[in-house]
Amino acid sequence: MTHVGYLIAGWGVVFVGCGGYAWSVLRRARRVAARVPDERARWMTSRDAERIGES
Amino acid sequence: MSVVELDDVVVLLGRFPALAGASLRVDAGEAVLLHGPNGAGKSTLLRLCAGLLRPESGSARVLDTDLGRDRRSVRPRVGYVGHQSMLYDDLTVAENIRFWGRAAGVSTEQQEASARRMRIEERLFDVPVSRLSAGQRRRTSIAVAAARRPELWLLDEPHAGLDQSGRDIVDALITDAAASGGAVLVASHELDRVEPVVHRRVTIIGGTAVESEGTTRVR
Amino acid sequence: MSATGSRTTRVLGVAVLIGAALLVYLAFVATDPDVRIDATSGEEIGQFDAVRLIYVHVPAAIIAYLAFFVTAVGSAVVLKNRSVWWDLVAGASAEIGSLAAALALITGSIWGRPIWNTWWEWGDVRLLTTLVLFMLSLGYLAVRRLEGTAEMRAKRSAVVGLLLIVNVIIVNRSVEWWENQTLHQQSTIADATIEDLTLFTLFFSMFLGLAAYVWMLIHRFRLAWLERQDERFGLDEAIERRRAEAEGVST
Amino acid sequence: MLVAQKDLRIELRSKVALNQVVPFALLVLVLFGFALDADRASLTNFTPGLYWVAILLASVLAVHRSVGLEAGEGAREGLLLSGMRPESVYLGKTLALIAQILVVALMMLGGVVILYEAPVDDGLLLVAALFGAVLGVGAAGTLYGALLGGQRARETVLPILLLPVLSPVLIAATRAFGDAMGTVATDGWQWTGLLFGFGAIYLALGVVSHGVLMEEN
């Protein structure tokens, strides 16, 4: 197989990039979710504001 | 007829509720004093009425306009004098008055009359605003606002920095505005100074308005 | 219920992971390297194994453009009817889009080194357009982080988000005019010499990229919603506290 | 027009563009000269590019100044309260900004002709391209400047927001100048057309969106 170094670098960057981003989103979400009561945690079940500026 | 009708209004500054459910009615021909400790929400209430801030919740009607829907049409009809002078430092007094007058579509005579009324000395006309004292600036800002003949005056600490004659002019302005069917909201700490010229006193604490007991009705 | 997960996202997430494993198999084992015989000299030419990089590069680039298209659509809807949902979607999509744009640039650069013999080619239209897109997206994300109320943030970023796509089009046109020769493979898919399995793998990779995008978008949107709720929930408390100030004084 | 008059009068009084922006732009030119080792031939070759990079950097300063005028002492609120139409505020500020950048650009042109001995083959094209480019910079600069308004982070965010947006202006203006100075074989008039197109698009976008932006800061 040719260009092994390039292949590892290219695929590696993509997996690390996506994985790292996904991980950081999940971690931030866990932290914020702890402060928000369950019934308001989802847009589908707590649509108290569909328009900006309404409440 | 009510000029200002606030009902349980919440106003946010960033994430801070500067007004936390304030209710207030001001009728035409009335001058009302707002007082309360620093940071109680007086300035926010005035800025809300000027159409500069958006009510987050509750209903706010000023000059028969719902501020939740339309803040733009209210603005030219109020005379708001805040802590900032709203003048351009590099322009002279005359240029500032002319610019703001023309921006609001006010005639030259009206501008001049208003400047005379505030007793701005002739020699100051060609002085850049940056070289004016705080009191001279305040006079200029009030002159700019007065030229528009506002239906509702919103004065935020109007006496601050003014000398005796300036204070007398402001007092006369408040009295005249109320007498001619306008409405005035004055936020001030100087109760002794303002009490004689207003009809009513409203206390603002913690972002809510409390109608004071024993309103003094002088005129 | 986990923070931002649900049955849908779990199924989708597992599918993406399985798909990724399958893509690795398809890209590295099942497909052949790009080797052709030059008709005149009889030498071996082509991209050899470096061709396996396109299975990550192409989906990244497509997702980047798709993501910003979604941001622009969301921005337009926000300006039209002040929709909270679209505001959050636009922001979430832009964040994923800049990640995808960065990955597309990096993988493209890594691929370009052995094939074009350069890390970076200034004359290439798509390269420069993507680079500018990436820089514009950083500006958009910076605007989203500015201080102010949720309403201000939404309107401001909606204007920037809508301009983003306008800017990308203008940049693309002007760069194309600037250097109309391109090193880029003119639409790889139309190339008849591509074998069936290679083509399938390429399509599969794009599909996988799309699935991964949707998964990330759902999670990122839910995070944004949680943050918004947190802000609003904190608000009720703040109003209570603010009112308490008054009681303390008047009694 | 009123706003443009006011901005220009302030500029005449304070001379910020003249005393600070022009020297800054000239300084950039001189620094390029140092960095490129005073190699006449390459300096002449790079003149269009160096010139426009210097102009764009100087324009960012000019935009800051233009926004800063309204940010200080609550003048922005004054404009809102005056009931003036946001479109006319936008057009006025754009016009004033264009006039200032134009002065800077013309003085800089003198600078490159003297410092870099830039050859001028086609003066008309040069001036036309200059107008087109400055139009675009002014229109887009005012638009993005209004977006950031009184933000404290304005100084850092404005360049990263504005410079990528202006990249087509850089490309087109450099090309057109290359043709006018005889260093690049290309049709400069086409590029000038692109510059005016860019300016027109941004002017239109600014007129449409300025109302929203003025409200939301």
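Over all chains, the count comes to eleven aromatic pairs. The rings of W85(C) and W86(C) make an edge-to-face pair, because their planes stand at 90 degrees, where over 60 counts as edge-to-face. The model is predicted.

**View 1. W85(C) and W86(C) pair edge-to-face.** The ring centres of W85(C) and W86(C) lie 5.2 Å apart. W85(C) is partly exposed, at a relative accessible area of 31%. W86(C) also counts as partly exposed, with 25% relative accessibility.

**View 2. W85(C) and F221(C) form a tilted pair.** Here the centres are 5.7 Å apart. The planes of W85(C) and F221(C) meet at 55 degrees, so the pair is tilted. The pair links distant parts of the chain. W85(C) sits in helix 3 (residues 84-115) of chain C. F221(C) sits in helix 6 (residues 196-250) of chain C. F221(C) is buried, with a relative accessible area of 10%, whereas W85(C) is partly exposed.

**View 3. Three residues of chain B build one aromatic cluster.** The members are Y88(B), F99(B) and W100(B).

**View 4. Chain A meets chain C.** The interface joins 38 residues of chain A to 54 residues of chain C. Five pairs of chains are in contact, and chains A and C share the most contacts among them. About 4300 Å² is buried between chain A and chain C. Carbon and sulfur atoms give 70% of that area.

**View 5. R35(A) and D230(C) form a salt bridge.** The closest N and O atoms of R35(A) and D230(C) are 2.6 Å apart. The count between chain A and chain C is one salt bridge. Across this interface there are three residue pairs in polar contact, both residues at pLDDT 80 or more. By class, the side of chain A that touches chain C has 22 nonpolar residues. That side also has seven polar and nine charged residues.

**View 6. Chain A and chain D are not in contact.** No contact joins the two chains. How far apart are the closest C-alpha atoms of chain A and chain D? They lie 12 Å apart.

Note on methods: Residues are numbered from 1 along each chain as its sequence is written. Chains are lettered from A and ligands numbered from 1 in the order in which they are written. This is a predicted model: local features need pLDDT of at least 70, side-chain atom pairs count only at pLDDT 80 or more; totals for chains, interfaces and linings use all residues. Side-chain values use heavy atoms; hydrogens and water are left out. Rings of Phe, Tyr and Trp (its six-membered ring) pair if their centres lie within 6.5 Å; planes under 30 degrees apart count as stacked, over 60 as edge-to-face and the rest as tilted. Buried means under 20% relative accessible area, exposed over 50%, partly exposed in between (1.4 Å probe, protein chains only). Helices (H or I, at least four residues) and strands (E, at least two) are DSSP runs, numbered from the N terminus. Contact means heavy atoms within 4.5 Å. Buried area is the accessible area (1.4 Å probe) that two parts lose on being put together, summed over both. A salt bridge is a side-chain nitrogen of Lys or Arg within 4 Å of a carboxyl oxygen of Asp or Glu. A polar contact is a pair of N or O atoms within 3.5 Å; within protein, one must be able to donate a hydrogen and the other to accept it, and residues adjacent in sequence count only if both atoms are side-chain atoms. Ala, Val, Leu, Ile, Met, Phe, Trp, Tyr, Cys and Pro count as nonpolar, Asp, Glu, Lys and Arg as charged, and the others, Gly among them, as polar.
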